[in-house]
Amino acid sequence: MGRFAYLMEGNLTRNGIKGGKLTLLNRVCQSFQRLLTTAVREIDIAGQTLKIHALGEVYDSLTGRAFTGSWIWDSALLLSRWLATSQFDLRDKSVIELGAGAGLPGLTAALLGASRVLLTDIAPLLPGLVKNVEANELEDRVEVRELVWGSEESLSRIGELRRFDVVLLSDVFFDLEEMAALGRTLKKVSGNKTRILAASEVRFWTGECLNELVSQGFKVVEVPIQEDGSDGGRDIFAVYNIIPPDEEDCHNNMSGSIIRR
Ligand SMILES: C[S@@+](CC[C@H](N)C(=O)[O-])C[C@H]1O[C@@H](n2cnc3c(N)ncnc32)[C@H](O)[C@@H]1O
């Protein structure tokens, strides 16, 4: 869905929403998107099945366009598959997903043994996330909260959960203007032992997005993914290990680096 959705959205702005009035073309696009995206997808994860409702009906009332989190992006499929097939151990870990959309990677983490998962996104996408938690009967381990990047107010609401073992990001290196806020939120939810894993379609501005995190002291290391094409093609998608600056580095405002393996 990712590449199609990107073509449909064109030049995205804040929160992935493009400005402009609701046109006939928009309405036609909406109907087409709805047809393509409202089905429940069944996704096999390590011998179990996750049911994910793509949230095709979640539209911004001002612009008439669907929120970007309305679809399951290819990066989410990649990150889930990577979590299920790598040696990465999620058992008993606390996990937060930022910009979760339909929540596939976070729900995957719960299936793979994470003790607590927090799925977060902007408010209009939360009912869909709750629906996906319930569809998989994971309410005992998975919570859904609003978390707008850079917002102290929404962070304070999840204050006691600060510093997770694992942070998951899927296709959030999207809007360069949002990256400074994303970096600030990443620092708030991460300690120096936190593993931050991010899957992304590699677009021509992805490097610039990562550089914003690097300028905040994060290191970015590309993780090897399967070369057989089943991950969608190595040149198009990537998984990154984003290493948070440790406490001391935060205070020294140290610069990080992008290391490609
Ligand atoms: C391209 S979509 C990816 C959705 C999902 N992670 C996936 O891969 O299927 C980008 C996601 O980031 C979220 N997002 C963008 N800006 C945000 C912000 N400032 N605060 C919180 N979430 C944001 C969007 O709502 C959307 O769910």
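Guide: A strand is a DSSP run of at least two residues, and strands are numbered from the N terminus. The model here is predicted.

Visitor: Where is the place of Val239?

Guide: Val239 sits in strand S9, which spans residues 237–243.

Visitor: Is Val239 buried or exposed?

Guide: Count C-beta atoms; 20 or more others within 10 Å make a residue buried. Val239 has 22 other C-beta atoms within 10 Å, so it is buried.

Visitor: Which residues does Val239 touch?

Guide: Leave out residues up to four places away in sequence. Val239 then touches Leu78, Leu79, Trp82, Leu197, Ala199, Val223 and Ile225. Take Leu78: 161 residues separate it from Val239 in sequence, and the C-alpha to C-alpha distance is 8.2 Å.

Visitor: What share of contacts in the protein chain joins residues at least 24 apart?

Guide: Start from contacts between residues at least 6 apart in sequence. Of these, 71% join residues at least 24 apart. The protein chain has 261 residues, and buried ones make up 43% of them. Its secondary structure comes to nine helices and ten strands.

Visitor: Now helices. How are two packed helices described?

Guide: Use the angle between the axes and the distance between the axes. Angles under 35 degrees count as roughly parallel.

Visitor: Which residues of H3 and H4 meet?

Guide: H3 brings Ala76, Leu77, Leu79, Ser80, Leu83 and Ala84. H4 brings Leu104, Pro105, Thr108 and Ala109. By class, the residues of this contact of H3 with H4 are eight nonpolar, two polar and no charged.

Visitor: How many residues of H4 are buried?

Guide: Eight of the eight, so H4 is largely enclosed by the rest of the structure. They are Leu104, Pro105, Gly106, Leu107, Thr108, Ala109, Ala110 and Leu111. Just after H4, Gly113 takes a positive phi of about 110 degrees.

Visitor: And a second pair: at what angle do the axes of H7 and H8 cross?

Guide: Roughly 45 degrees, with the axes coming within 9 Å. H7 covers residues 179–189, and H8 covers 206–215. That angle makes H7 oblique to H8. The crossing of H7 and H8 is right-handed.

Visitor: Which residues of H7 and H8 meet?

Guide: From H7, Met179, Ala180 and Gly183. From H8, Cys209, Glu212 and Leu213. The contact of H7 with H8 divides into four nonpolar, one polar and one charged residues.

Visitor: Why do residues three or four places apart in an α-helix point the same way?

Guide: An α-helix has 3.6 residues a turn, so residues with that spacing point the same way. Look at helix H5, residues 126–135. Its buried residues are Gly128, Leu129, Asn132 and Val133. Seen down the axis of H5, they fall within an arc of 145 degrees, so they line one face of the helix.

Visitor: What covers the buried residues of H5?

Guide: The cover includes strands S2 (48–53), S4 (116–121) and S5 (142–146), along with helix H4 (104–111).

Visitor: Which residue takes a positive phi just after H5?

Guide: Glu137, with a phi of about 50 degrees.

Key: Residues are numbered from 1 along each chain as its sequence is written. This is a predicted model: local features need pLDDT of at least 70, side-chain atom pairs count only at pLDDT 80 or more; totals for chains, interfaces and linings use all residues. A residue is buried if 20 or more other C-beta atoms lie within 10 Å of its own, exposed if 12 or fewer, and partly exposed in between; C-beta atoms are placed from the backbone. Helices (H or I, at least four residues) and strands (E, at least two) are DSSP runs, numbered from the N terminus. The arc is that of the directions from the helix axis to the C-beta atoms. Two residues are in contact if their C-beta atoms, placed from the backbone, lie within 7 Å. Axes are lines fitted to C-alpha atoms, for helices over the stretch in contact, and angles run from 0 to 180 degrees between N-to-C directions. Angles under 35 degrees count as roughly parallel, over 145 as roughly antiparallel, 65 to 115 as roughly perpendicular and the rest as oblique. A crossing is left-handed if the near helix is turned anticlockwise from the far one by less than a right angle, and right-handed if clockwise. Ala, Val, Leu, Ile, Met, Phe, Trp, Tyr, Cys and Pro count as nonpolar, Asp, Glu, Lys and Arg as charged, and the others, Gly among them, as polar.
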